[in-house]
Amino acid sequence: MMGKLYLQESLSDMSAEFLQFLFSGVTLGATYALVGLGFSIIYNASHVINFAQGEFVMMGGMGTVFFLGLGLPMPVAILAAIALTTLFGFGLERFAIAPARGASVVTLIIITIGASIVMRGLVQVVWGKEFHAIPAFSGDEPITIAGATILPQSLWVLGVTVLLVLALRFFFEKTIMGKAIIATSLNRDAALLMGINVRFVLFISFGLSAALGAAAGILVAPITLTNFEAGIMLGLKGFCAAILGGLGNGMGAVAGGMIVGIAEAMGAGYLISEYKDAIAFVLILLVLFFKPSGLFGKTGTERV
Amino acid sequence: MDKLKSPRTGGLLILMAIIAVLPAFLDNAFQVEIAILIFFNAIVCIGLNLLIGYAGQISLGHGAFVGLGAYGSAILTAHQGWDPLLSMVAAATFTGVLCFVIARPILKLKGHYLAMATLGMGIIISIVINTEDQLTGGPDGMYVDGLSFMTSQIHWYWLIGAVLVFSVWASLNLIHSPIGRALRAVHGSEVAAEVVGVDTTQYKVLIFVVSGVFASVVGSLGVYYSNFVTPDIAGFFHSIELVVMVVFGGMASTFGAVVGAAILTILPQVLTFLHDFEHLVFGLILMLTMIFLPKGLVPTLADLFKKGDKS
Amino acid sequence: MSLLKVDNLSIVFGGVKAIDDLSFTIEPGKIHSIIGPNGAGKTTLFNLITGVYTPTTGTVLYENEGVTGFKSYELAARGMSRTFQNLQIFFNMTAIENVMVGAHLHLNRGFFASFFGLPTIKEGDRHCRETCLELLDFVGLRHYADTDTDSMPYGALKRLEIARALASKPKILLLDEPAAGLNPAESREIDEVIKKVAERGITVVLVEHDMKMVMEISDHILVLDYGRKLTEGTAQEVRNNPDVIAAYLGG
């Protein structure tokens, strides 16, 4: 009798524990998905891997901290931070990527690495090196579900991610601009011939990608804190998500982000928490060894 | 006579002359230190350039191989009491074998997927070094005794200078051999290389191992020189820094790798007077150089002077 | 003995027989052409002969040994080389260096000898450069020897590809539409080169849809249509075959 009760209790403990890890996994995963989507959008339009994507994320968080500090109300501060980051995205395309058209892929990668150093340097100079917190959007009171707890902010992360993904789908499938971006990614020359302003498409893609990154940064900042280096790991794991889903495949990047986030939370919870940050990379290596173009990628060749 | 005029021999002689006379212009230990640091970075970049510049295979994880050399040597010397030189050889062998094992699956990948895989591999190795603190001292790093016969800094200058000259010489030899042509053919067109008998996989693996061993040896020598090592050496930023040096100096140019290593080692030192603005300005210089000289410094200059030969 | 023997070869892609029960042999030392209208299966056959595709049924024997499952570089070592319909030049090298890559199999490729720059390597390269210059001369490109390939005209690059293949000392050389995209003058230059290659005793297999070129230089022609052999024989025989005329005029 006692034994049976004990077993039941430990079973529900186990499922609560699992649920707990799952909650933190999907929260992480949603963030990685947004970052990965940012990689995909820029890659599709320009075939550039933007190593400054993580810095867009960081700038969203740090920007919000700054505008809140000016006494602006939260929604205004958030919009201002997204606008500021989007400007950086536009600037990156106009002043760094566009002038280097025709350079090799490695050169373009290094230009974006330079941009990431500049953005980190700038934030460090203007806003300092300290860690900052953004207040959670609707309180810090954890919600209990089946023995596991979830922060209201996690629900914000998930909800906004779903909305953004749906909005992006609508944008790419139903709007002229979205279709132009898709056309450019499929065949740049043909797009040009069809009268699509390819330069403008690239410009918009960088801005869109920056805005997405900023949104991700703002959403997680209340959970993880933020400082000028906060974008580095987020950027790398977002890159993992984009590659895992097959570069350029937007929905693939979302799935990739979720897989990376859940694997990370489960791995850290059940296996070895010291190696939490390594899990995403072990996963990506295993996948690439067996499926060289990602889980949902088209097989094809390209070279650096 | 003719040989002296070729950029290959001429460049090597100029490099030797610079290394020979440089100490006369170095005022203090700090400047000698920077010179030695340049030599170390240049040697890694020469190996990495064979992989990236010649064979066209990117690696965003080579810092990890420097780290394996450094920690391999440090652990064997400090914990196991091995002879330093033997430790260095053991670490290089280990790195070489590891490269050989992972090269096949990794180098099957192309472009950004290859970049991701090498980056991931590097980060995993650096996380292991950071985490296994019983062995490595963790984020605080670890101390190691130096080489007993290297009693002053200038000894190190000459030793590493000599290793650099040897590396440049060997790299040039390799490039100007059937192997070097096969590597460039891999870069140019893998299918075309295969139909005339070049086993492209074999050469990709070979050069991955060679560049890994170059990095490992530098890691070992570096740890004996500074008697101290931290996990940063294996980190993502060090890996990126190495690739940046290669591309900045100019891909597929051995002397470009040396020049890139020299400039990007000196630049942060020069910029320290900017204090907080250091990183910002460094990033800007990097971006502007790559935007306006996308082929890198040395090839662009070489094109300007139309000197022909691409050593 | 035949150099290349194709027996009851078939390959199916998604239910479609791209090559359908094809048999033929290729004798050493002549110019053999495979022609047919677009979609006749020429390139598929080419990829089967060079081991790129695995046949659904049937065999391809080169010197009495199979080709399926062999890597291109292994076939090159057995004396089979090819060129590509879309140029595959090493654009990061000069013309002579392109040809010297072709000689790869016949050079000392020892790692340590190369690393330490031993005299045997340098001597070998000097000798290789001379023989490769002769090959450039052979295809009429000697004056381009030290030119970067990215600044050479298209027609010259087509011939450079042949010189590079010759440097591997093949017994059989397969050319995939060597005249594609060339103007009439360049096309004639390629014709001349192909004839001279055959005169050297190298078996040439040509895949072309340009009938005129094929008729002029081929000793033997195989006509494909919908993956099947329509006919084979000399240019004269093929020209007068009513099935061929029908196929080409879209009958």
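How many of the 311 residues in chain B are buried? Buried residues make up 58% of chain B, where a residue is buried if 20 or more other C-beta atoms, placed from the backbone, lie within 10 Å of its own, exposed if 12 or fewer do, and partly exposed in between. This is a predicted model, in which local features need pLDDT of at least 70 and side-chain atom pairs count only at pLDDT 80 or more, while totals for chains, interfaces and linings use all residues. Residues are numbered from 1 along each chain as its sequence is written, and chains are lettered from A and ligands numbered from 1 in the order in which they are written.

**Confidence**

- The predictor gives an ipTM of 0.89 and a pTM of 0.90 to the complex.
- Chain B has a mean pLDDT of 91 (the predictor's confidence in each residue, from 0 to 100), with 96% of its residues at 70 or more.
- In residues 307-311 of chain B the pLDDT is below 50, although this stretch has 14 contacts in the model beyond near neighbours in sequence, a contact being two residues whose C-beta atoms, placed from the backbone, lie within 7 Å.
- Where pLDDT is low, the predicted coordinates should not be read in detail.

**Chain B**

- Chain B contains 15 helices and two strands, these being DSSP runs numbered from the N terminus (H or I over at least four residues for helices, E over at least two for strands).
- Its radius of gyration is 19 Å, close to the 19 Å that the globule rule gives for 311 residues, so chain B is as compact as a globular protein of that length; the radius is taken over C-alpha atoms, and the rule is 2.2 Å times the number of residues to the power 0.38.
- The C-alpha trace of chain B spans about 50 × 45 × 40 Å along its principal axes, and 78% of the contacts in chain B with a separation of 6 or more are between residues 24 or more positions apart.

**Chain C**

- Chain C has 10 helices and 10 strands, and 43% of its 251 residues count as buried.
- The radius of gyration of chain C is 19 Å, which agrees with the value near 18 Å that a compact globule of 251 residues would have.
- Four strands of chain C form an open antiparallel sheet in the order 2-1-4-5, with two strands taken to pair if DSSP finds at least two bridges between them.
- Strand 2 (16-26) and strand 5 (65-66) of chain C are at the edges with a single partner strand each, so one side of each is left without a neighbour in the sheet.
- Strand 4 (residues 57-62) of chain C pairs with strand 5 of chain C over two bridges in the antiparallel sense, and Tyr62(C) stands opposite Glu65(C) in strand 5 of chain C.

**Contacts between chains**

- Of the two pairs of chains that touch, chains A and B have the most contacts, whereas no contact joins chain A and chain C, whose closest C-alpha atoms lie 13 Å apart.
- The contact between chains B and C takes 23 residues from chain B and 30 residues from chain C; among the elements of chain C that give two or more residues to this side are helix 3 (95-102) and helix 6 (154-167).
- The residues on the side of chain C that touches chain B comprise 16 nonpolar, nine polar and five charged, where Ala, Val, Leu, Ile, Met, Phe, Trp, Tyr, Cys and Pro count as nonpolar, Asp, Glu, Lys and Arg as charged, and the others, Gly among them, as polar.
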